[in-house]
Amino acid sequence: MDMIANWLGNTPDFAVPFALAALGLILTERAGVLALGAEGLMLVGALAGIGAQLAYGTPGVSLLLAMAAASVVSLLFALMVIVLRINQVIAGLALVFFCQGLTGLLGTLLEWTNKPVRGLGAIELWPLSELPLIGKVFVQNPLVFLTPLIFLAVVWLLTRTTTGLRLRAVGENPQAADAAGISVLGYRLVAILAGSALIGLAGGYISVLSTKLWIADMTGGRGWIAVALVIFARWSPWKALAGALLFGCIEALIPQLAAAGIRLPQYFVLMTPYAVTLAVMIWVASGKQVSGSQPGALGVPFIREERR
Amino acid sequence: MSTLNAIQLTGVSKSFDGFMALAQADFTAKWGEVHALLGENGAGKSSLMNIAAGLYAPESGSLFIDDNPVRLSGPRDASRYRIGMVHQHFKLVKPFSVAENILLGLPEQPGNAVRGSHRQRLRALEARIGEKAAELGFAIDPCQATESLSVAEQQRVEILKVLLAGARILILDEPTAVLTDQEAERLLETVRSFARQGAAVILVTHKMSDVKRFADRVTVMRGGRTIQTLDPQSVSIAELVRLTVGESATTHAHQPGTPGEERLRVRGLRSPEVGGHRVLNGIDLSLRAGEIYGIAGVGGNGQSELANALMGLPEPTEGDIELIGFGDLRRASSEQRRALRIACIPADRYGTALAGELSVAENFGVGQIHGGRYGSFFRLRRKRLEEDAAAAIAGFDVQGVRSLKQKAALLSGGNAQKLVIAREFSREPQLVLVHSPSRGLDVRATAAVHGRLRTARDAGAAVLVISEDLDEVLALADRIGVMNAGRIVAEFPHPADRQAIGKAMVTHE
């Protein structure tokens, strides 16, 4: 019983990075830019967050700086895919490797590695926190409670505002958007910057609020899982949130199993989330409506003056 | 009628990838007139109008609006000068509703913006769309998704889009190419009354009859140059044809074929039922060697679905499609279809028939790549491929090919179609399946395409032509089937009565 309560209680903490990263990816990809760089941008956010936390010790400021840092680095990606129209898959992969190297180097040079920081205290949502079994779900750091609100805001932006309509038009049919007088490249740039900020926040969450220290490559493939999650969720934010909870569940189970004394090979346990990712992808692909709601122009660079 | 110039383009030049699309073109449209821009495919009409709409930047030349020099930085700028263009290939976001598509194009001007939240703006806009649509006599549901609309309806959405954005200079690029006679007539009546209210309408077209009947003035373009501007009432159609083509092109009268034995038999072809409705609802037809069978009908009565099913594109159907001597045509693999010498000319040249990013030569050779003529698994005989492609391009008069390595997407509509035909006809086809072969093509290209189809028939091929252009069906077919609500409702041998066919096309049981 206790184990299940702990497991459920830990789930949100593991789910939030997936959720925020997936949301950032959705925001970018709805504008037609294929963003594979999430893993790298999460590392940038994580490192920037720890650096700010070591320097100022204010988690709010650290998280904002994590977002800003990821946005600034994503300008490089924007330059590659929007201005130079480099293949977005290649540019995304290059960004990941660049960020892995950069954050590893800076973390060592600045001696930020393995230095614990003070995170944020937990907030209790009374009286929900008194519930049996699921009470611990409602004792979390503030960003966990903020995450659904961020989702609500992004969904509102995408579906209930003219700005969102334009952003989706740019992702579905940039030629039509262009003819309607919408700046395709401008919207794509803003979508990359805003989406990257959310991905940076996901990274900052891991380092500043969750593990509370920096280790090189600490995101451990979560950015890639977020990429898969977006496909699994058919670019719908709410489905992505549900998917994030599912993966959070699986990740939260691992330490619980260890604590309960169930002996599993270490590498098998570490492999589990990726095995589940593969299984989910296969399951989604074998279902109907594979190309459901993928943005029509995802990954296609926009050039105005080309015939057809 | 005011004599003030609405829009004037002088000395405009533009090239694409080294190809001179426009050379020192001049064009002037006045307020209150319908001004036709007439020319063959690739004459530069669309390029010139794309410059007027701010979509392309000219390399040289100037643009005047109300006699004031203007530089357009993009479509938004054009919309600020109240220029609106309805493109030949519609610029609609498919999953969006009609109102959402129109909202996208609305400029953010104080006079134009509806106050309130996005939802309120959308509701208010839906009401305005309803009013404007009623005024123009369009039946449009603003909440419907545009992907579920017919081509004619999508065009109406495009027109509503530019008018609601406040356009006073309306540019229509080949508006009647996708419409039936009646739809085209109504559209042109509508735009003429719009011009009579003081606006300027530019009608890009290659249809002489539209020009004669609806234009106040006409400017003829040829080879990227503007040749002459004249009053369409003062010239004959023959003279207009001479100006656009540059030499006289004659239209062929129908020559009957000599039908042989049956080659393709379709029985009870149906689509799956969706919402109590079947797109294809029991097609029966029989096609013989040495004849052209034409399928006429108003667009959206199942022609596309029938074409897909016959051409081996994904289309769920039940019933029989029997190729005599082979069996169910749907079971034939692409390779078998090649071996059976079945030629397909789909309606969507750039999407289905050609791979735009591949070169002209590769597009030509791709059909025979399995045959071994162009090398084995390990080797590509590029030289032989290019020689064959060059010969076919010369033989089929494909123009605008500067290099065999050039992307097929850079060909204009007519030349792309000729390339498709050159490829498909390179192996003496036994069965030819054609959908809207001359859509968007000019007189000369159409005559060339029709000539090729007749040649194939005379060589013994069975030819099936599905077309929404009744003139085309009448000119080609030895027998005509009329498609209505997913069935062949009537069949007419040649010579057919145009009135009777027209009646069968629109009658509902």
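How many residue pairs are in polar contact between chain A and chain B, both at pLDDT 80 or more? The count is four, where a polar contact is a pair of N or O atoms within 3.5 Å; within protein, one must be able to donate a hydrogen and the other to accept it, and residues adjacent in sequence count only if both atoms are side-chain atoms.

## Ground rules

This is a predicted model, in which local features need pLDDT of at least 70 and side-chain atom pairs count only at pLDDT 80 or more, while totals for chains, interfaces and linings use all residues. Residues are numbered from 1 along each chain as its sequence is written, chains are lettered from A and ligands numbered from 1 in the order in which they are written, and side-chain values use heavy atoms, with hydrogens and water left out.

## Where the chains meet

Let's look at the interface itself. Chain A brings 23 residues to the contact and chain B brings 33, contact meaning heavy atoms within 4.5 Å. About 2600 Å² is buried between the two chains, with carbon and sulfur atoms giving 54% of that area; buried area is the accessible area (1.4 Å probe) that two parts lose on being put together, summed over both. There are zero salt bridges between chain A and chain B, a salt bridge being a side-chain nitrogen of Lys or Arg within 4 Å of a carboxyl oxygen of Asp or Glu.

On the chain A side, helix 5 (142-160), helix 6 (162-172) and helix 7 (174-179) each supply at least two of the residues that touch chain B. Helices (H or I, at least four residues) and strands (E, at least two) are DSSP runs, numbered from the N terminus. Helix 6 of chain A gives the most, with six residues. Thr162(A) is found in helix 6 of chain A and touches Leu103(B), His118(B) and Arg121(B), not counting residues up to four places away in sequence. Thr162(A) is buried, at a relative accessible area of 10%; buried means under 20%, exposed over 50% and partly exposed in between (1.4 Å probe, protein chains only).

## Inside chain A

Chain A holds eleven helices and two strands, in the order α-α-α-α-β-β-α-α-α-α-α-α-α from the N terminus. Its radius of gyration is 20 Å, close to the 19 Å that the globule rule gives for 308 residues, so chain A is as compact as a globular protein of that length. That radius is taken over C-alpha atoms, and the rule is 2.2 Å times the number of residues to the power 0.38. Of the 308 residues in chain A, 51% are buried.

Helix 9 (residues 222-232) of chain A is mostly covered, with nine of its eleven residues buried, among them Ile225(A), Val227(A), Leu229(A) and Phe232(A). The cover over the buried residues of helix 9 includes helix 1 (2-30), helix 2 (38-56), helix 8 (184-211), helix 10 (237-259) and helix 11 (266-286) of chain A. Just after helix 9, Arg234(A) takes a positive phi of about 50°.

## Inside chain B

Chain B has 17 helices and 20 strands. With a radius of gyration of 24 Å, close to the 23 Å from the globule rule for 509 residues, chain B is as compact as a globular protein of that length. Buried residues make up 54% of the 509 residues in chain B.

One local detail to zoom in on is Asp478(B), in the loop between helix 16 (470-476) and strand 19 (479-484) of chain B. Asp478(B) counts as buried at 11% relative accessibility, and its side chain makes a polar contact with the side chain of Arg457(B) (3.1 Å).
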